[in-house]
Amino acid sequence: MNLLVPTALAFSLIIPIILLLYFMRPKRQQRTIASTLLWQQALQDMQASRPWQRLRITPLLILQILAAIIIVLVLARPAIFANSSISGDTIIILQASASMQATDVAPSRFESARADIADIIDNLGPNDHLSLITMARTPQVLIADSNDQAQLRAALQRARVTNQDADLEQALSLANSLMNGRTSMQVLVVGDGHVSTTDKAMLVPFAVRYLRIGTDAPNAALLTLSSRTISNKLVAFAQVANYSAQQRAIPVELYADGKLVSVQTVTLGPQGTGAIQWNTVPPNTRFLHAQIITQDAMTIDHQAWTIVGGSQQGRVLLVTKDNSFLRAAFALQPNVSLSETTPQQYVNTGNYDLTIFDGYVPPTLPDGSLFFVNPPQGSYLFGTSGPVTHVSRVGPGEDTLNLLDSVDLSTIHTLQTSHPLKPAPWEQSIISAPETPLLIAGENNNRRVAVLGFDLHDSDLGLQPSFPILVHNLADWFLPQPVPGDGQVTAGSAVTVQTWPGADRVTITSPDSRVSTVGPPFPVQPYNMTDQVGIYRVTQSVHGQLLDGAFTVNLFDPTQSQLAPAKTLPILRSSDFTPNGNAVSRQLREIWPWIAALLLLVLCAEWWLFSRGYHIQKAPARQLPGREIGGARRIQGGIPSQKSTFTAGIEGMLHERYSLARKQFLKATKQARKRFGQVTRRSR
Amino acid sequence: MADNGEKLRFPLDAQTLQRLDTLALATRRPMASGRPGRRRSPSAGSSMEFSDFRRYSPGDDFRRIDWRAYARLERLFLRVFEAEENITVTILVDCSDSMYYGTPRKAELATALAAALAYISLKCEDNVILGALTDRLVSYRRGSGGKNAIWNIGDFLTRLPRSGSTDLNRSLYDLGRVVNSPGLTIILSDFLAPGGYQTGVRAVRQLRQEVALLQILSPDEINPDIQGDWQLHDSEGTGTVDVSISPGILHAYQERLATFTQEIAEFAHTHMATYALIPSDMAIIDIVQRLLRQVELVR
């Protein structure tokens with residue numbers, strides 16, 4: 001044990017002062033009584049003219065001296081060398097990615113990491129400060145720069161494991177900002193090291209230690225699930241990975257809209273991947289769900305969901321004499337349910353989400369979005385269409401709507417004439433020639449309107465590979481999916497669903513049936529509760545009609561599914577962390593709080609003794625001992641007999657025992673002295 | 001006769017006095033004072049009580065010869081009758097400062113008790129001497145002639161001096177100037193005299209007095225009810241004592257008090273005296289009718 005402030009031992013002078021106070025006679029109250037004769041006789045041994053009295057060793061004196069010794073000890077700040085896993089200011093980054101859910105370490109990697117951090121908090125020194133950060137897709141500060149163990153534990157309890165990946169770079173940059181320039185701080189990463197930025201080693205200006213959690217547990221994972229229509233048959237594909245050192249047969253179930261399609265088993269070699277194909281998926285299936293049915297340490301990657309085709313289909317009416325380009329291109333779109341009519345048969349029923357007018361514009365326009373192709377000369381909703389003029393060169397316009405994504409216009413060779421279009425202010429020119437815009441598009445009054453100024457038959461655009469892409473882009477713009485692409489969203493990422501024009505209410509139902517309203521207000525708020533894997537249903541209310549869409553959240557992350565913990569972090573100055581190893585610094589830990597607790601106990605005992613003594617004094621004194629004398633005509637008239645109380649009884653008993661013990665002790669001392677005297681005499 | 005004002009100053013009220021009417025002071029043995037009274041005398045006398053026969057000797061009163069005995073035995077016998085005399089009851093009240101402390105004051109009880117005993121004595125046609133003691137016999141008053149003398153006594157008791165220290169030895173020695181016949185001497189005091197009381201009591205015994213020692217102590221002397229650290233001053237100025245009250249010290253005090261009272265009791269026993277310890281909060285009628293009866297001072 002070391003003393004941090006040895007000079008505080010000078011305070012031990014208080015002990016002689018306490019003794020001095022006991023030697024000094026107390027200041028007394030004055031009182032006149034009839035006669036002091038009896039008191040004088042009773043107190044002969046206590047009367048002394050000196051200001052000092054014989055020191056009486058009382059329990060109170062002992063306790064007070066003990067308390068004084070303890071106080072001096074506390075002031076001297078005794079400290080012991082304690083093994084501490086960390087010292088100084090430390091930032092602990094707790095990995096909370098999907099792989100931390102693995103149960104190869106009981107109860108789970110995350111709980112194990114949490115327990116390790118709890119141990120570190122328990123051994124926290126009085127001058128150590130901790131910050132806690134969880135590392136997932138976005139790092140989160142649980143608590144910053146705290147020394148309060150209770151607060152740290154509470155913050156640690158708030159940490160939740162996620163289905164996300166772990167972004168080490170962001171976590172380290174957050175840690176760097178928490179350091180606030182203090183380079184003495186150290187960073188400890190607790191996790192399995194499966195971080196998303198493993199391709200390049202990072203250089204950070206501080207030391208990072210890594211506490212590895214987890215074992216090389218075998219795991220099987222679904223890496224993709226998709227579907228495709230091949231020769232009018234719906235086919236589902238899945239990619240399965242075997243992250244283990246042994247060859248494994250992995251059975252995978254496929255469910256179409258909740259009904260089991262079939263189970264297929266794929267046998268994969270060590271660290272191998274393989275594909276499974278289901279050819280018997282019923283048509284008109286909306287959702288596919290694949291599931292690996294083996295027991296592994298990690299189960300979150302045993303599930304996969306996908307949406308067949310578009311998640312929501314729009315009703316499209318093509319009004320044309322006979323345009324096979326448009327018909328074929330729109331019919332291919334997964335989010336389009338195409339109907340067709342001729343201008344002669346066209347009746348405005350108002351039931352379509354998109355109406356395409358090819359070479360014809362009706363006198364009254366229907367509700368919903370509109371796509372005009374080759375509009376006759378006239379003035380319309382979108383502006384005016386002039387008489388056919390010559391067009392020299394086709395090029396892209398201002399494509400802020402991304403309608404020309406992956407569209408190559410340079411291959412269009414045959415386009416000579418077009419109606420010159422004069423767009424309304426809310427429209428943009430997507431494809432233009434020097435003479436006139438060729439494709440204009442814009443949104444006005446909750447409807448989207450696009451105009452193609454020329455007849456498709458007059459150009460080779462319909463024959464180009466770009467045309468289906470352009471139509472696809474247009475269909476996606478007219479009837480947007482909630483989530484662009486195949487409807488896959490990474491867990492934990494914020495989703496801003498695309499709404500149809502005219503949508504007045506958008507809600508999202510998560511896999512655990514929690515409904516969140518993201519709009520109004522519009523544009524919709526980003527939805528960030530995408531941590532669960534599964535199907536998220538998006539419901540839009542468009543013009544009074546409910547429109548069901550969906551997107552899916554799957555893990556599909558080989559980094560997270562491969563359970564073997566990373567040997568090192570992708571950081572240049574990373575070192576391994578061993579909780580009880582030799583590398584751990586031995587740290588001086590002060591023990592005064594325990595001594596202070598002892599002091600409190602001593603003071604309590606002193607108070608108890610004092611109050612006990614006080615009560616005994618207050619209790620009726622014992623009765624005058626009557627001594628009868630035979631023959632004497634003496635009577636103790638009327639001395640009031642008082643019942644001795646329980647405490648007085650105990651006190652009397654203790655006193656008797658004390659005097660007995662004292663007598664025995666004195667006797668023993670006397671005998672010992674006598675013997676000692678005899679021995680010395682003999683020796684002489 | 002005493003006027004109204006003096007009546008009021010008698011320490012006892014009429015009701016108490018009425019209850020005392022049936023009582024009389026008792027002595028252990030008859031005493032010859034030579035004054036006719038109502039007590040049995042050790043000498044022969046002329047009362048109606050037959051006592052003994054004795055042989056005739058010349059000069060005896062012919063009228064007491066038992067002629068019937070002479071007729072039977074032809075010897076002259078005299079019939080002897082008991083004599084009835086009174087005695088002098090001396091009641092000495094300690095008037096030193098120490099009697100004026102305690103709750104209730106010991107002096108108040110001493111005065112009342114002296115009045116009661118004087119009343120009982122006067123009622124029995126005994127002579128009464130009341131004396132006030134401090135460091136000497138300060139004053140005394142004789143009273144005789146039956147109950148009517150109580151006003152005289154009352155007057156004395158209400159004007160008892162109050163001063164000085166206690167010197168029982170000297171003040172009791174002074175009694176020789178006053179008492180000249182055998183009788184009963186009752187001493188009312190706390191006996192807390194630094195010089196002791198033994199010599200004085202022996203001197204009183206020399207005056208052919210039967211002695212009764214009635215020790216009056218206040219309840220807080222019998223059972224001190226104090227706590228903490230005290231400097232105790234003696235009321236008679238004989239010094240101070242520093243006391244830190246603890247159970248042990250209280251115990252020592254009780255022991256000391258017990259020893260002190262035991263010493264008085266033993267002394268009384270040795271000198272054929274009566275002793276009683278009277279707490280000052282006791283009712284006067286209780287003391288007389290119960291306590292003093294128990295010690296056979298009153299019958």
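This briefing describes selected local features of chains A and B. The model is predicted. In chain A, helices H1 and H3 pack at an angle of about 160°. Positive phi values are found at Phe556(A) and Glu296(B).

**Helix packing in chain A**

- Helix H1 (residues 14-23) of chain A packs against helix H3 (residues 59-75) of chain A, and their axes lie 9 Å apart.
- Angles over 145 degrees count as roughly antiparallel, and H1(A) and H3(A) are therefore described as roughly antiparallel to each other.
- The crossing of these two helices, H1(A) and H3(A), is right-handed.
- On the H1(A) side, the contact involves Ile14(A), Ile15(A), Ile18(A) and Tyr22(A).
- Sorted by class, the contact of H1(A) with H3(A) comprises nine nonpolar residues, one polar residue and no charged residues.

- Most peptide bonds are trans.
- Pro107(A) sits in the loop between strand E4 (89-95) and helix H4 (109-122) of chain A.

**Positive phi at non-glycine residues**

- Most residues other than glycine have a negative phi.
- Phe556(A), although not a glycine, has a positive phi of about 45°. Its place is the loop between strand E33 (545-554) and helix H9 (558-561) of chain A.
- Phe556(A) has 20 other C-beta atoms within 10 Å and is therefore buried.
- Glu296(B), likewise not a glycine, has a positive phi of about 65°. Glu296(B) lies in the segment after helix H10 (284-294) of chain B.
- Glu296(B) counts as partly exposed because it has 13 C-beta neighbours inside 10 Å.

- Gly164(B) belongs to the loop between helix H5 (150-158) and helix H6 (168-173) of chain B.
- With 17 other C-beta atoms within 10 Å, Gly164(B) is partly exposed.
- Gly164(B) and Ser98(B) are 66 residues apart in sequence, while their C-alpha atoms are 9.0 Å apart in space.
- Neighbours within four places in sequence aside, Gly164(B) is in contact with Ser96(B), Asp97(B), Thr134(B) and Asp135(B).

Note on methods: Residues are numbered from 1 along each chain as its sequence is written. Chains are lettered from A and ligands numbered from 1 in the order in which they are written. This is a predicted model: local features need pLDDT of at least 70, side-chain atom pairs count only at pLDDT 80 or more; totals for chains, interfaces and linings use all residues. Axes are lines fitted to C-alpha atoms, for helices over the stretch in contact, and angles run from 0 to 180 degrees between N-to-C directions. Helices (H or I, at least four residues) and strands (E, at least two) are DSSP runs, numbered from the N terminus. Angles under 35 degrees count as roughly parallel, over 145 as roughly antiparallel, 65 to 115 as roughly perpendicular and the rest as oblique. A crossing is left-handed if the near helix is turned anticlockwise from the far one by less than a right angle, and right-handed if clockwise. Two residues are in contact if their C-beta atoms, placed from the backbone, lie within 7 Å. Ala, Val, Leu, Ile, Met, Phe, Trp, Tyr, Cys and Pro count as nonpolar, Asp, Glu, Lys and Arg as charged, and the others, Gly among them, as polar. A residue is buried if 20 or more other C-beta atoms lie within 10 Å of its own, exposed if 12 or fewer, and partly exposed in between; C-beta atoms are placed from the backbone.
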